[in-house]
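Subject: Structure handover

Hello,

Here is the structure for you to look through. My notes follow below it.

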Amino acid sequence: MEEQSSKEENPQVLKVLEALKQASQELQAHPDPNSADSYSPAIKALLELENESDAILSKDPHLSTLSQRLADLKSLLETLQNSRGYSIRNFLTRRVSTHSISKVAGSIESEIQSWIDRESMEKLVKSLKENPEEENEDELVGLLTQFEERVSQGFNRELQDLVLKSKVFLLLERILSDPNRSKRIHEQSANSIAALIGFNKDVFVGQVLMGPTIHALVTMASVQSIRVLCSLIKSIKSPLVDEIESNGEIPKIISFLDYKDLQMKLVSMDCVLEIGYFGRKEAVDAMLNEGLVKKLVELQRSELGGDLIELSRFQGESRESREKKFLQGHPFASCVARFAVQLEVGEGLRQREKRAFKQEILKRLREASASDAEAATIIAEVLWGSSP
């Protein structure tokens, strides 16, 4: 019963601690206000809390250190206020006190964030383990969004230990592959996985390569899932493309270029370009064997296509600026040449393989072109856009 009562009080404690965190950040930035009256309401609340800390904080053993830090801070601030004279002694006391205040305030912020992380992780894990018919979708999406934002702030050793101990990654993968979950939860789980890769790629990349994440993202076939797949390719590079190819996912990705939804076409195009940059011979072969060049020629021929050679009509601007302006209205412009350039400058192919694929692309685009004039234009772009 005592533990349950403590859990019920946690939302109130969390609200208090968020305010204290703000106050500690202010003190780190401005540890020496001109007078006690110049303290912000947040800092005054922090000081007043020290008198009530036993009642609010003592019920949670994780907050005992915070209670002591608050007492230290109040003592330091009192010392600072008592050294307002102009003597050398007062000057030195203020220098030492302000440094100590900033250090203690940083410690307070760290203690508060650790408590918030523990509570948030516990709530997230509990929600992830609930059966689909019992879950509160809005609450789970909110918790996943909060988790994504937290890990996106950068690496933190204590937070990583919490993530590993609670096995959050495995729970996210399970959610991602669960057909009974909603699209919103699937996509936010995918976002959280991508955020964990950015948080510490060395620790979590192995789980992505060995787990069901890649297949789940491709199977979802949504704009956001393919966007996440692109971000993972950029982070993990050739090893992830190897897994995509070995799992037989490339035909599905190429098929997304035929979707009527424009946003799906655009993110799929981005994905194809990333695979081209990082893919080894087997992956590029798989794309070409799925008729990629023909599909790219058709996209370039569409209203949203065109040729970057037309940039000559934008006079007085740099080539980069003209290209950016043109691509805003014609996202599939020169997409054959752009794919060829990705192979040319990419990391996945050997030099002789790059030369061989260039010739193969030229051969296939001749076959896919509707006329000799169209073929000549695209060939010129491929030869102009990449090295001989």
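Among contacts in the protein chain between residues at least 6 apart in sequence, what percentage join residues at least 24 apart? The figure is 70%. Contact here means heavy atoms within 4.5 Å.

Some ground rules. This is a predicted model, where local features need pLDDT of at least 70, side-chain atom pairs count only at pLDDT 80 or more, and totals for chains, interfaces and linings use all residues. Residues are numbered from 1 along each chain as its sequence is written, and side-chain values use heavy atoms, with hydrogens and water left out.

**Overview**

The protein chain has 20 helices and 0 strands. Both are DSSP runs, numbered from the N terminus: helices are H or I with at least four residues, strands are E with at least two. The chain has 388 residues, and 46% of them count as buried. Buried means under 20% relative accessible area, exposed means over 50%, and partly exposed is in between (1.4 Å probe, protein chains only).

**The cores**

A nonpolar core is a set of buried Ala, Val, Leu, Ile, Met, Phe, Trp, Tyr and Cys residues joined through side-chain atoms within 4.5 Å. The largest one has 82 residues. Those with the most contacts inside it are F147, L229, I233, F339, I361 and L365. Where does this core lie? It lies between domain 1 (10–128) and domain 2 (130–231), because both give residues to it. The domain bounds come from an automatic or database domain assignment. A second, separate core has 16 residues, including L27, L70, L77 and I116.

Take a look at I361. Leaving out residues up to four places away in sequence, I361 touches L288, V293, V336, F339, A340 and L343.

For the angles, axes are lines fitted to C-alpha atoms, for helices over the stretch in contact, and angles run from 0 to 180 degrees between N-to-C directions. Under 35 degrees counts as roughly parallel, over 145 as roughly antiparallel, 65 to 115 as roughly perpendicular, and the rest as oblique. A crossing is left-handed if the near helix is turned anticlockwise from the far one by less than a right angle, and right-handed if clockwise.

Start with helix 16 (residues 292–301) and helix 19 (residues 351–368). Their axes come within 9 Å and cross at roughly 55 degrees. That makes helix 16 oblique to helix 19. The crossing of the two is right-handed.

Helix 18 passes helix 19 in a right-handed crossing.

Then look at helix 7 (residues 168–176) and helix 8 (residues 183–199). Their axes come within 9 Å and cross at roughly 145 degrees. Helix 7 passes helix 8 in a left-handed crossing. Residues in the contact include F169 and L172 of helix 7 and I185 and H186 of helix 8.

Is S222 buried or exposed? S222 is buried, because its relative accessible area is 6%. S222 sits in the loop between helix 10 (213–220) and helix 11 (223–236). Not counting residues up to four places away in sequence, S222 touches K183, E187 and M264.

P31 is in the loop between helix 1 (2–29) and helix 2 (41–57). P31 has a relative accessible area of 17%, so P31 is buried. Apart from neighbours within four places in sequence, P31 is in contact with L80, T98, I101 and S102. The C-alpha atoms of P31 and L80 are separated by 9.6 Å, though the two are 49 residues apart along the chain.

Finally, two lysines. Most residues other than glycine have a negative phi. Phi of K167 is near 55 degrees, a positive value. K167 is in the loop between helix 6 (157–166) and helix 7, and is exposed at 53% relative accessible area. Phi of K237 is near 65 degrees, also positive. K237 is in the loop between helix 11 and helix 12 (238–246), and is partly exposed at 34%.

Best wishes
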